[in-house]
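Visitor: Please show me the structure. I have some questions about it.

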Amino acid sequence: MSLEQFKNRNVGTQNYVKLDLDHSPTSGWCQFKQVVKRTFKPELFVGLWVTLREMGNALFRGKMHTTQYPFEKLPISPRYRAIHDMLRLMESGNYRCIGCGLCEKICISNCITMETKYDENQRKEVSEYTINFGRCIFCGYCAEVCPELAIVHGQRYETASEQRASFSLFEDMLTPIDQLNLQQEYQGFGAVSPNADENIKKTPLAY
Amino acid sequence: METATMLPEVTAAGVIIKAVLILAVIAAIAGFGTYIERKILAFMQRRLGPQHVGPYGLLQLAADGIKLFTKEDIIPQHANKIIFAVAPVITAATAFIALAAVPVFPDFTIPLLDIYVPSIASDVNVGILFVLGMMAAGLYGPLLAGMAQANKWGIIGSARTAIQFLSYEVVTGLSVLAPIMMVGSLSFVDFNNYQADGTWMVVYQPVAFVLFLIAGFAETNRTPFDLLENEAEIISGYVTEYSGMRWGLFFIGEYANMITIGVIASIVFLGGYNDFWFIPGWIMIIGKIAFSFFFMLWVRAAWPHIRPDQLMWLCWKVLMPLAVVNVVVTGIVMMIIG
């Protein structure tokens, strides 16, 4: 096809396939027929039926759509990068962080601050570890770079707080020692959400 | 009135009790109607609706009332202050005045005091004209409110009020004309007695019933014709600048009007407060009014609203000719049969 044919935008002379639209009424009689047709078509009652059916579904078949948010929450994807968690070793209960400082180094918004020292066994001990969540952009590099899977992203996405200190200290992010058995391993950045199967739907081509 | 001679005498005390009853009960129902509306609309959209204030959200009404009463009453700087202040009262007052000539509850006698409370506060012999006229006068509320508040949206809202008023009023009058011809009276009691044999007026006058319903939706500014305060187009139309209880008065008026339309439709077309099989009449009339109220909410959930030009087109070019034809056909049939 040559360029001239593409440039021809003249609708009348080309083989366009036109949609089979209704013709607009030309005479008064045609307009009257259209009015009668539209008046007596039961479409309005179809609309009434649909809303009534949905009301029945909602009330009697438990298809109410509302999630009462603060009281019930939808599962979020394991890929979601929320407030960080500091994990512990399952065997000893000690925290996993070895104080290597990679997360502090890689953090592109410079929000991780850590201080380390040697303890009496000449092991590295984390003496100070804070994440400034006013700066954190939740990029996930810290979790990705961590060689011990110590810092991961948790499920706490409600980040509104009266004080930044509420969840930026090491102890706040660390798994509580009495809940060690409940500690979940971070599934990683490629994981699918737990309800992924339920969320699969047909593409709504019928609409 | 001939019908009144058989009943006990209507005293002033009875009428006052009736008036207080109407005012209290209808105002309460009108307020409660907002809760019902929110709940029904929520269910139809598969939501829960208000449910945190009280059991099932039943006290939401009280919370809204407290909010409305304690809100700051703002009158815009360049508004016409007197008209701005009076307009909501017109809407609410006319809605309740209209209910004076409508039989709302069955008549009863207070046992110990021996005071007879009639079913109508005042059985004027042109009842239906009075009610329709009062409801039409209620349109002055939106009209004046929109023009007084020095707001573009308000002006558009009141302009729409004017065209809506001009459009549906003709249809309302002509559609009830055919039943009036058949009954031969303008009193609601006669309408009720005419259908005492169990055949509802809607059987004789289906077209008039449909026309009256459509016009009634326009009269109460309900959804297919809610051009006056259409949020998507004109913010809130005539109530844009209103706040607090003045705004609440518009709402009470609207809901009282919905009830009035329900009462008229029930009495003129749907058999009134006559007994139906074993069901006593007062349950029947409450059921009918409740259904028509529900129907208005149902329609709001289901149907889109129309443009002002479509409203004028519908009323003047479709409904009015239909109403005229209906009146003429009714007249011819009455002439042949009667």
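Predicted model: local features only at pLDDT ≥ 70, side-chain atom pairs only at ≥ 80, totals over all residues.

Visitor: Are H7(B) and H14(B) roughly parallel or roughly antiparallel to each other?

Guide: Helix H7 spans residues 152-183 of chain B, and helix H14 spans residues 308-337 of chain B. Their axes (lines fitted to C-alpha atoms over the stretch in contact) cross at roughly 15 degrees. Angles under 35 degrees count as roughly parallel, over 145 as roughly antiparallel. H7(B) and H14(B) are therefore roughly parallel.

Visitor: Which helix gives the most to the side of chain A that touches chain B?

Guide: Contact needs C-beta atoms, placed from the backbone, within 7 Å. On that basis, 15 residues of chain A are in contact with ten residues of chain B. With ten residues, the top contributor on the side of chain A is helix H3 (residues 43-60).

Visitor: Is Gln122(A) buried or exposed?

Guide: Gln122(A) sits in the loop between strand E2 (112-118) and strand E3 (124-131) of chain A. A residue is buried with 20 or more other C-beta atoms within 10 Å of its own, exposed with 12 or fewer, and partly exposed in between. Gln122(A) has 6 such atoms within 10 Å, so Gln122(A) is exposed.

Conventions
Residues numbered from 1 in each chain as written. Chains lettered and ligands numbered in written order. Axes fitted to C-alpha atoms, helices over the stretch in contact; angles between N-to-C directions. Helix = DSSP H or I, 4+ residues; strand = E, 2+ residues; numbered from the N terminus. Parallel < 35°, antiparallel > 145°, perpendicular 65-115°, else oblique. Contact = placed C-beta atoms within 7 Å.
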